[in-house]
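Here are some notes for a colleague who is about to go through this model. They are set out as numbered points, to be read beside the coordinates.

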Amino acid sequence: MFKDNWIQALAEFEAKGTPCVMVTVLEDKGSVPRGAGTKMLVTENEVIATIGGGHLEHVAMKAAQEMLAQGESDMKVECFNLGARLGQCCGGMVTLSFEPIGQQRHMLALFGAGHVAKAMVHILATLPFKVIWIDEREDQFPGVIPDNVEMRLTDDPVGEVSTLPTNSMYLVLTHNHQLDFDLSRAILKRGDAKYFGLIGSLSKRKRFDYRLKERGFDDATINTMICPIGIDAVKGKHPAEIAVSVTGELIACYQGEQIANKRESSTHSASQKQAEKLSILKREPEDNDNKNNEKIRA
């Protein structure tokens, strides 16, 4: 856990896009565990090197992780008296700096390598995302991908859902209607998505809602699925326009905005609802949803 070579670790964090806080002993007075210039790196779940251990280090680690959680970018300086209050008996004083390095990245699982996804990765490359791009079709991936995008070629896209971290964002843009549904089931079953968007129209939304209810999902869970996706004010159907619209929604999400689930307001009569239900049951499942991928709103 406490590696001495923080320089190497810092280089690795930079290459992976992992944000961290560098904690440095700026000044020491009296008896202290480590002298001025000692450094420690703190990530969301890892500590590299040490500023001396004990409760001081614990407090410093928690303060650094809080800065990461809040997305703070400004350096802080704090002075600590190593007395009874910190549970240490050195009796000296230590001044620490807390310097955020790197930008907090949001984990996004992007399923499907079609036209919209290809347009999106160019935009996502300029934003604080770590993208896992998943598809079964090797020939659909471009030859060059941005540094913050990891390509995963797999015969089991649904199986990849279980490998992703808690609080990930999910975007389902595949070429196959049944695969979209299977992914939706897996993502909703996890129940820990920060955002889950599914490309499609309100008609597709209604079909999926019905099928999910038939498989035991309740309304509260189903309503965490965003479909249609994208900012309502952007009406364009070009892949680049859809990509901008959907990326805007992702930005709003990580900035803390509440994203509406886009479910159509229920003002229909009971007979209208029953007619819609029968229509859904009679309709054959779509083998390929590419026709509807360009039109994300009804």
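1. After α8 comes glycine 256, with a positive phi near 100 degrees.

2. Three aromatic pairs are found when the whole structure is searched. In one of them, the ring centres of phenylalanine 129 and tyrosine 254 are 5.5 Å apart and the planes stand at 70 degrees, so this pair is edge-to-face. Because phenylalanine 129 belongs to strand β7 (residues 129-135) and tyrosine 254 to helix α8 (residues 239-254), the pair ties together parts that are 125 residues apart in sequence. Phenylalanine 129 is buried, its relative accessible area being 0%.

3. Phenylalanine 181 and phenylalanine 208 also form an aromatic pair, edge-to-face, with 5.3 Å from centre to centre and 90 degrees between the planes. Since phenylalanine 181 lies in helix α5 (residues 177-190) and phenylalanine 208 in helix α6 (residues 202-214), this pair ties together parts 27 residues apart in sequence. Phenylalanine 181 is buried, at a relative accessible area of 0%, and phenylalanine 208 is buried with a value of 0% as well.

4. Turning to the strands, an open sheet is formed by five of them in the order β3-β2-β1-β5-β4, with antiparallel pairing. Its edge strands are β3 (47-48) and β4, each of which pairs on one side only. Within the sheet, strand β1 (residues 20-29) and strand β2 (residues 39-42) are joined in the antiparallel sense over four bridges, and valine 23 stands opposite methionine 40 in β2.

5. The loop between β4 (76-81) and β5 (93-101) contains leucine 82, a buried residue with a relative accessible area of 0%. Leucine 82 and valine 32 are 50 residues apart in sequence, while their C-alpha atoms are 7.6 Å apart in space.

6. For the chain as a whole, there are ten helices and eleven strands, and 44% of the 298 residues count as buried. Of the contacts with a separation of 6 or more, 62% are made by residues 24 or more positions apart.

7. On confidence, the mean pLDDT of the chain is 84, and 84% of the residues reach 70 or more. Among the elements, strand β9 (residues 169-172) has the highest mean pLDDT (98), whereas helix α10 (residues 290-293) has the lowest (42). Over residues 265-269 the pLDDT is below 50, and this stretch has three contacts in the model beyond near neighbours in sequence. The pLDDT also stays under 50 over residues 280-298, although the model has 49 contacts for them beyond four places in sequence. Where pLDDT is low, the predicted coordinates should not be read in detail.

Methods:
Residues are numbered from 1 along each chain as its sequence is written. This is a predicted model: local features need pLDDT of at least 70, side-chain atom pairs count only at pLDDT 80 or more; totals for chains, interfaces and linings use all residues. Side-chain values use heavy atoms; hydrogens and water are left out. pLDDT is the predictor's confidence in each residue, from 0 to 100. Helices (H or I, at least four residues) and strands (E, at least two) are DSSP runs, numbered from the N terminus. Contact means heavy atoms within 4.5 Å. Rings of Phe, Tyr and Trp (its six-membered ring) pair if their centres lie within 6.5 Å; planes under 30 degrees apart count as stacked, over 60 as edge-to-face and the rest as tilted. Buried means under 20% relative accessible area, exposed over 50%, partly exposed in between (1.4 Å probe, protein chains only). Two strands pair if DSSP finds at least two bridges between them.
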